[in-house]
Amino acid sequence: MMTKHTLKTGGSLAVTALMLAGAAMLTACNSKEASKPAEGTSAAGGAPAAAGGDANGPIKIGSVLSVTGPASFLGDPELKTLQMYVEDINKQGGVNGRQLELVHYDDGGDANKANSFGKRLIEDDKVDVIVGGTTTGSTMAIAPLVDKAGVPMISLAGAVVITQPTQKWLFKTPHTDRMAAEKVFEDMKKRGITKIGLLSETSGFGQSGKKETEGVAAKSGIEIVANETYGPKDTDMSAQLTKIKGTPDVQAVLIFGLGQGPAVATKNYRQLDIKQPLYQSHGVASNEFLKLAGDAANGVRMPASPQLAPEALKADDKQKPVVEAYNNAFRAKWNQEPSAFGGHAYDGLLMAVEAIKTAGGTDKAKVRDAIENTKGFVGTGGVFNMSAEDHNGLDLSAFKMLEVKDGKWTLVE
C-alpha cells in the first residue's frame, strides 16, 4: 500500500538523548496524521496538506524507501528512523517555527516504482527535500527527476556512482562501495592476503561494488583470481562458491551485496567448509545479518561505521555520544536493535534540517547550497565535510573494520 504520513506527536526519548549528547540541533511542533490508501484518492481527514514552499505550512520531507522486498532490512530501519525523528523534532518545536511532514512511499526495491514515486513527491506532494532512496537503483531512478525539478535529495544508498561524477542536486550519507573495497583490501594486506575470490550481487549496489572492487584491486596489490555473481532473489550460491573454492591460490573471499543474499552465501560458505577468511561489504551492516546468517557469521569481517560497536570508540571521540544516543533512542522506540542503515537516515534527515535552518527556510536552491557547504557535521556514519566536488563528505577514516565473534560485532584492532 502506498502511504503518505504526517506523523503524530509522540515521546521525545531520541531528542532528549541527542541533547544530552551535545547534539541538540532540533526544534519542532505538533502535527496530525493523514493517509493516502490508494492512487487517485485524496488525503483522509479533509483538506489536503499545504503545498511545499508555503512559508507558513509544514516543511515537507519526501522519501522513497524499500521497506518491503529484498532490501527491506535496510529500508525498514530507515523509515522507522525518519518517523522517530520527525516526530521528535515536531514535539520539540519544529524547524524555523514550522512542523515537519514526512511523505513516504515504499518502492519494494523496484526502481521503476521509485521513479513513479519520485515524480509524485515532486509534482503532487511538492516536497521541499528528499531523503532516500534505499538502494542505488532506486536512487538513480529518481536522480534525473530532482535534477530537472531542482529539488535537493540526500540518498541513503552506497554506490559511488551516486556522487561521482557530482550531480548538482544529489547527495548521499553512506560510505561508498569504493571506500568499502579499499578498507577491505587494507585489512587483507595486513593479513598477507593478495589473491581473492569475488562474489557480487547483480543489483545496482552489487554491480557497482564489483566494478569498484575490480578498479581498486590492482593499486591495492590485490589480484582477483575468481569472479562470480548471483541474483538478489537467489536462495543458494553453492555453485558459485564451489567454483571459487576450486580456484587455485584463492586466499580469501569478498561478497558484495545487500539484503538476504549475503547471509545465504555465508551459510553456503560454511556448508562447503571453505577455510579461507570471508569478508562482506557494508551492505550487511546490521544485526539482521547476524540473525539471518546465525553461527555461520562468526569470523566474517566487514567495513562499517562504528555504530555496530560503539563501545569500541574512545571516550573523547566526538562520534561516540551521537552513535550511542541514536542507538539507545532506536531501541527504546522500536524495541529492536539499530543498524547502520537507520543511521544513514538519521544523518540524511538531520543534515537536511540543519541546511533548512541555515537557509532560513525552504528555498530549494538555498537549501541545496547549505547541504553542499556542510562542514564538521557529526553523524552516525562519520564526520561529514561536503563540498562542490564531494557530495558524500566522508573519507576512509569514517570506516572501521569489524569482525563477528560469538554472534556479535567487534572492532578489529
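Guide: Contact means that heavy atoms lie within 4.5 Å. With that in mind, helix α2 of this predicted model lies across β1, β2 and β3.

Visitor: At what angle does α2 run to β2?

Guide: The helix α2 runs at about 165° to β2; such angles are taken between N-to-C directions, from 0 to 180 degrees.

Visitor: What makes the five strands a sheet, and in which order do they stand?

Guide: The order is β2-β1-β3-β4-β5, the sheet is open and the pairing is parallel. Because β2 (100-106) and β5 (170-172) each have a single partner strand, they stand at the edges, and one side of each is left without a neighbour in the sheet. Neighbouring strands of this sheet are turned against each other by 25° on average, direction ignored.

Visitor: Why are α2 and α10 called roughly perpendicular?

Guide: Their axes cross at roughly 95° and come within 11 Å. The range for this term is 65 to 115 degrees, and the two helices are therefore roughly perpendicular to each other.

Visitor: Which residues of α2 and α10 meet?

Guide: On the α2 side they are Pro77, Lys80, Thr81, Gln83, Met84, Tyr85 and Glu87, and on the α10 side Tyr326, Ala329, Phe330, Lys333 and Trp334. By class, the residues of this contact are seven nonpolar, two polar and three charged.

Visitor: Why is Glu87 called buried?

Guide: Glu87 belongs to helix α2 (residues 72-91). Its relative accessible area is 11%, and buried means under 20%; Glu87 is therefore buried.

Visitor: What makes the pair Glu87 and Lys333 a polar contact?

Guide: The side chains of Glu87 and Lys333 are joined at 3.3 Å. The cut-off for a pair of N or O atoms, one able to donate a hydrogen and the other to accept it, is 3.5 Å, so the pair of Glu87 and Lys333 qualifies as a polar contact.

Visitor: Is Thr235 buried or exposed, and how do you know?

Guide: Thr235 is in the loop between β7 (223-230) and α7 (238-245). Exposed means over 50%, and Thr235 has a relative accessible area of 69%, so Thr235 is exposed.

Visitor: How far apart are Thr235 and Gln260 in sequence and in space?

Guide: Thr235 and Gln260 are separated by 25 residues in sequence and by 8.8 Å in space, C-alpha to C-alpha.

Terms used
Residues are numbered from 1 along each chain as its sequence is written. This is a predicted model: local features need pLDDT of at least 70, side-chain atom pairs count only at pLDDT 80 or more; totals for chains, interfaces and linings use all residues. Side-chain values use heavy atoms; hydrogens and water are left out. Helices (H or I, at least four residues) and strands (E, at least two) are DSSP runs, numbered from the N terminus. Buried means under 20% relative accessible area, exposed over 50%, partly exposed in between (1.4 Å probe, protein chains only). Two strands pair if DSSP finds at least two bridges between them. Angles under 35 degrees count as roughly parallel, over 145 as roughly antiparallel, 65 to 115 as roughly perpendicular and the rest as oblique. Ala, Val, Leu, Ile, Met, Phe, Trp, Tyr, Cys and Pro count as nonpolar, Asp, Glu, Lys and Arg as charged, and the others, Gly among them, as polar.
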